[in-house]
Amino acid sequence: MKVLSIVFVIALIGSALAKEYPDYVVCPGGLVHKTCVHELPEDLIEIRHREHNGHILVTKGGDIHVPECKYEKVVPHGSGWEAWTQYTNTSGISTMVSSWVVPPAPKVKDGQTIFYWNGVEPSDNTAVLQPVLQYGASAAGGADHWAIASWYVSNSGSFFTKLIPAVPGDTILGVLNHMHNGTWNVTGVNTKSGKHVSLIYNAVQEYTMAFEVLEQYYISKCGQYPNNGYITFSDIGIWSQNQYIKNPTWQAMTQSPTNCKEHAVIVNPET
């Protein structure tokens with residue numbers, strides 16, 4: 001397992017966007033039109049994608065049809081990612097596990113949204129499955145505090161679970177597991193409180209890319225980040241076709257230009 005450390009970063013995706021696009025909301029994956037983002041019902045069984053015809057939410061109370069999103073994202077894929085690591089396995093990823101500790105709250109509170117997450121994507125980057133720790137507001141809600149939700153964000157529609165609270169010092173466990181029936185189980189756990197949020201997505205694509213990401217929106221100064229200066233993803237495990245990958249080749253990536261000496265590093269590839 002690998003330990004990765006991501007040093008805080010900054011990009012000027014500022015309040016001008018919010019004023020220019022008032023009908024768009026923040027998601028871990030970009031600014032998405034508010035009609036294309038949906039809270040999942042608590043009796044959800046699974047999300048099913050219908051090509052060019054939206055999604056079906058299978059619930060205990062019956063099926064709910066969610067139409068295809070007709071709006072493009074304002075912020076393209078990855079534009080809000082500031083530092084991250086990525087790993088690709090063309091045979092497909094079947095399980096990903098990571099943990100990270102909730103950092104201190106930022107000293108400067110000025111409408112920013114920060115996301116820390118581990119997740120998987122198909123090779124065409126049209127969707128992402130992710131348990132997410134957030135600070136600030138997003139389409140899922142939230143404010144100037146930490147919270148966790150599980151997300152499925154795609155070009156055709158985006159979905160989130162309810163938020164559950166987290167506080168500095170809590171350990172978050174993110175687990176993504178591709179089941180034998182073809183569904184993905186995406187779970188975020190606050191290991192201190194024992195609370196968790198999960199969604200199940202019936203995948204129509206192979207998910208071949210794994211990520212550990214720091215993503216942000218509406219930050220204009222470095223003080224809007226937690227002042228400890230880093231986030232560490234640890235106890236990372238990757239499986240492909242249910243076989244543990246002993247030494248995955250991670251790439252450390254940083255958005256350009258840099259403004260707060262941001263970068264991602266592999267701290268210890270042997271643990």
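Select Tyr21 to start: at 30% relative accessibility, this residue counts as partly exposed. The model on screen is a predicted one. Tyr21 sits in the loop between H1 and S2. Tyr21 and Lys195 are 174 residues apart in sequence. In space, their C-alpha atoms are 34 Å apart.

**Stop 1**

Select Asp23 and Lys34. Their side chains meet in a salt bridge, 3.5 Å from N to O. Asp23 is in the loop between helix H1 (15-20) and strand S2 (24-27), and Lys34 is in the loop between S3 and S4, so the bridge ties together parts that are eleven residues apart in sequence. Lys34 is partly exposed at 48% relative accessibility. Asp23 is partly exposed too, with a relative accessible area of 35%.

How many salt bridges does the structure hold? There are three.

Go to Glu46 and Arg48 for another. Here the closest N and O atoms are 2.5 Å apart. Check the two ends. Glu46 counts as buried, at 10% relative accessibility. Arg48 is partly exposed, with a relative accessible area of 39%.

Next, pick Asp110 and Lys221. They form a salt bridge, with the closest N and O atoms 3.3 Å apart. This pair links distant parts of the chain, 111 residues apart. Asp110 is in the loop between strand S9 (95-101) and strand S10 (113-122). Lys221 is in the loop between strand S18 (207-217) and strand S19 (230-240). Asp110 is partly exposed, with a relative accessible area of 45%. Lys221 counts as partly exposed at 37% relative accessibility.

**Stop 1: the cysteines**

Cys36 and Cys69 are both buried. The structure holds one disulfide.

Now select Cys27. Cys27 is buried, with a relative accessible area of 0%.

**Stop 2: the aromatic rings**

Colour Phe, Tyr and Trp. The count comes to 14 aromatic pairs. Zoom in on one of them, Tyr152 and Phe159. Their ring centres are 6.1 Å apart and their planes are at 5 degrees, so the pair is stacked. The cut-off for stacking is planes under 30 degrees apart. Both Tyr152 and Phe159 are buried.

Then select Trp81, Trp84, Trp117 and Phe211. These four form one aromatic cluster. Keep Trp81 and Trp117 selected, as both also line the largest cavity.

**Stop 3: the cavities**

The structure holds three cavities of 30 Å³ or more.

Which residues line the largest cavity? Select Pro28, Gly29, Lys73, His77, Trp81, Trp117, Glu121, Asn125, Thr126, Ala127, Val128 and Val153. Colour this lining by class: six residues are nonpolar, four polar and two charged. S10 and strand S11 (127-135) each supply at least two residues of the lining.

**Stop 4: two positive phi angles**

Most residues other than glycine have a negative phi. Go to the loop between S19 and strand S20 (243-244), and pick Gln241. Gln241 is not a glycine, yet its phi is positive, about 50 degrees. Gln241 counts as exposed, at 56% relative accessibility.

Finish on Asn242, in the loop between S19 and S20. Asn242 has a positive phi of about 65 degrees, although it is not a glycine. Asn242 is partly exposed, with a relative accessible area of 45%.

Methods
Residues are numbered from 1 along each chain as its sequence is written. This is a predicted model: local features need pLDDT of at least 70, side-chain atom pairs count only at pLDDT 80 or more; totals for chains, interfaces and linings use all residues. Side-chain values use heavy atoms; hydrogens and water are left out. Rings of Phe, Tyr and Trp (its six-membered ring) pair if their centres lie within 6.5 Å; planes under 30 degrees apart count as stacked, over 60 as edge-to-face and the rest as tilted. Buried means under 20% relative accessible area, exposed over 50%, partly exposed in between (1.4 Å probe, protein chains only). A disulfide is a pair of cysteine sulfur atoms within 2.5 Å. A salt bridge is a side-chain nitrogen of Lys or Arg within 4 Å of a carboxyl oxygen of Asp or Glu. Helices (H or I, at least four residues) and strands (E, at least two) are DSSP runs, numbered from the N terminus. On a 1 Å grid over the protein atoms alone, a cavity is a set of points where a 1.4 Å probe fits but cannot get out, and a pocket is an open set with protein on both sides within 12 Å along at least five of seven lines; lining residues have an atom within 4 Å of a point. Grid points are joined across faces, edges and corners, and a volume is the space filled by probe spheres set on the points. Ala, Val, Leu, Ile, Met, Phe, Trp, Tyr, Cys and Pro count as nonpolar, Asp, Glu, Lys and Arg as charged, and the others, Gly among them, as polar.
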